[in-house]
Amino acid sequence: MMQSFDQIVIGGGPGGLALAYGLKAAGKNVAIVEENLWGGTCPNRGCDPKKILVAAVEAKRHAEQLAHAGLDGTTTINWPDLMRNKFAYTDAIPDDTLQGLQHSEITTFYGHAAFTSAGHLAVGEETLTAAQFILATGQRPVRPAIDGAQLLQTSTDFLNWRQLPKQIAFIGGGYIAFELADIANAAGADVHVILRHDRALRAFDAELVKDLRDQLAKAGVHFHENVTLTKVAKTSTGIELTGDQQFDLTVAAAVAATGRIANVDTLNLEAVGVSADRHGVVVNDHLQTTNEHIYALGDVVAKKSIPKLTPVAGFEARYLTDTLTGAHSEAIQYPAIPTVVFGMPRLAQVGVSPAETTTTTDRRVKALDMTHWYTYQRIHDPLAKVKVVLDRQGRLVGASALSTIADELINYLTALINQGATVADVNNQIMAYPTPASDLSYLF
């Protein structure tokens, strides 16, 4: 028997869930399909469990920074206990997510989805039809195309380790490699980061990236630059990584953090005329694919300038809820979007980067070393820096920050950017003191 719906959402992650709930609340007959873990990457094997691990790193680093400043003794991360805390959260996610959908009377299907023809979707033995489909299938980790790559683990494996290997190599120069390397190092592992170039975290300010690397190196992380790996092999002593320039390193575990690939290759998109590649699904400024009846949101979308983040998927879900229910027909417009490398310290950025400002006279960069400001001095933050980008009218249009509380600061700055705030606007506010918010006027 064929089942029909107004809309079918393919993918039960944060973006797909938000859209399904929004459509249901608007009175639509909506279904959602998932083939892996209900809840998607973020709460099951991404940002949420990662931040649970980072919490222990925060406590350890803060204790180290305040040693001889009121705190005595040392703090050690107990990896098995930390992971039990993580699993106590993640183990409940899939069932809780499914129960929430069922309680809201949203029809759910579990299994692999693939299009068979226009307007028809196969999920296992079921054939479903809908007026509109929304792709929210996200991404998955990808391993490099080298001999023995199957021996490399991924971030998903890392977040499921019951025991921490004594020596770990992270391959890649993106935020996942840096975040996991910081966690493993703080937990006591001998950590190596293998970079194909000498410039990591390319989306972030180069000077602040160097400062972050220097702090991680000081904490014991080993960086190997300009290495192109050519082979991975299992030996009697561990996982051997070899590359050009006579690079050779043997570790207990090696993690590929070399990027992610969009989950589009098994949906049979060719059958319905949807253009996609390994970077994702091509959409217009209404999140509509090359098939007018099929939309896409979240990490599965091929985005060049928009970061692939959970809050972005939620924003797009709200936009599509309004679009598909006829509440508006405007093109999507994104606000300034902050991105953060979560570790200790944190590296954060939003809006126009300092590098983009060097080619124009319409903006200026103000760089500040805040290490000795009271906000950071009281917690003995080893280094605190910010760079703000201002336009000719003195409005904040971009910011980059490095400190143990850079994530908090960047959220304040994001709000100011989206409000088009000037220093006068900030000075007209009275913030609680002393807090990072009470420092804002000094940044302009």
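The model is predicted, so local features need pLDDT of at least 70 and side-chain atom pairs count only at pLDDT 80 or more, while totals for chains, interfaces and linings use all residues. Residues are numbered from 1 along each chain as its sequence is written, and side-chain values use heavy atoms, with hydrogens and water left out.

The chain contains 13 helices and 23 strands. Its radius of gyration, taken over C-alpha atoms, is 23 Å, close to the 22 Å that the globule rule gives for 444 residues, so the chain is as compact as a globular protein of that length. The globule rule is 2.2 Å times the number of residues to the power 0.38. Of the 444 residues, 51% are buried, meaning under 20% relative accessible area (1.4 Å probe, protein chains only).

In H4, the buried residues are Trp79, Leu82, Met83, Lys86, Phe87 and Thr90. Seen down the axis of H4, these residues fall within an arc of 135°, so they line one face of the helix; the arc is that of the directions from the helix axis to the C-beta atoms. An α-helix has 3.6 residues a turn, so residues three or four places apart point the same way. The cover over the buried residues of H4 includes helix H2 (41-45), helix H3 (47-65) and helix H7 (175-186).

Trp79 also belongs to the largest nonpolar core, a set of 44 residues in which Trp79, Phe158, Phe170 and Leu347 touch the most other members. Such a core consists of buried Ala, Val, Leu, Ile, Met, Phe, Trp, Tyr and Cys residues joined through side-chain atoms within 4.5 Å. H7 gives the most to this core, with seven residues. Leaving aside neighbours within four places in sequence, Trp79 is in contact (heavy atoms within 4.5 Å) with residues including Leu53, Phe158 and Ile183.

Elsewhere, Val300 lies in the loop between strand S18 (294-296) and helix H9 (310-324). Val300 has 0% relative accessibility and therefore counts as buried. Val300 and His279 are 21 residues apart in sequence and 7.7 Å apart in space, C-alpha to C-alpha.

Notes
Buried < 20%, exposed > 50% of the residue type's maximum accessible area, 1.4 Å probe, protein only. Helix = DSSP H or I, 4+ residues; strand = E, 2+ residues; numbered from the N terminus.
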